[in-house]
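Please read this report alongside the sequence and the 3D view. It is meant for a reader who is new to the structure.

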Amino acid sequence: MSFFISTAHAAPAAAQGPSLMANLLMIAVFIAIFYFLIWRPQAKRAKEHRSLIESLGVGSEIVFAGGLMGKITKLDGDFAVVELSRGVEVKIQRASVISVLPEGTLNNL
């Protein structure tokens with residue numbers, strides 16, 4: 001075979017792959033991007049929602065996950081009884097509360 005094709009020899013200064021330090025630096029950059037763009041904002045939103053849930057009290061006017069608005073008439077552990085209109089009450093999970101409305105908002109609607 002070597003009669004038709006000359007033998008190839010590897011060059012002594014062949015290009016090597018990226019160094020270990022460059023690989024570690026790239027992984028650290030990806031972790032930093034993940035932390036600042038995904039994990040940190042989500043943790044902040046979860047903390048704000050927990051404080052919102054803990055601040056609920058009887059008489060709070062709320063909007064909950066179904067888009068319905070009402071006034072809390074009773075709190076029972078992880079549940080709340082919400083009056084949607086006179087005589088119409090529903091029992092919801094406190095975690096389904098999206099926001100607390102300013103006092104008197106329901107009277108103005």
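The sections below cover the basis of the model, the chain, and two places along it.

## Basis of the model

This is a predicted model, in which local features need pLDDT of at least 70 and side-chain atom pairs count only at pLDDT 80 or more, while totals for chains, interfaces and linings use all residues. Residues are numbered from 1 along each chain as its sequence is written, and side-chain values use heavy atoms, with hydrogens and water left out.

## The chain as a whole

The protein chain has two helices and five strands, in the order α-β-β-β-β-β-α from the N terminus; helices (H or I, at least four residues) and strands (E, at least two) are DSSP runs, numbered from the N terminus.

Of the 109 residues in the protein chain, 17% are buried, where buried means under 20% relative accessible area, exposed over 50%, and partly exposed in between (1.4 Å probe, protein chains only). The accessible surface of the chain comes to about 8,900 Å², and carbon and sulfur atoms hold 63% of that area, as computed by the Shrake-Rupley method with a 1.4 Å probe, with only the protein chains shown counting as cover for residues.

## Helix 1 and F34

F34 belongs to helix 1, which covers residues 20–54, and this residue is partly exposed because its relative accessible area is 48%.

## The loop at G66

G66 sits in the loop between strand 1 (61–64) and strand 2 (69–76), and it counts as exposed because its relative accessibility is 64%. Although G66 and I98 are 32 residues apart in sequence, their C-alpha atoms are 9.4 Å apart in space.
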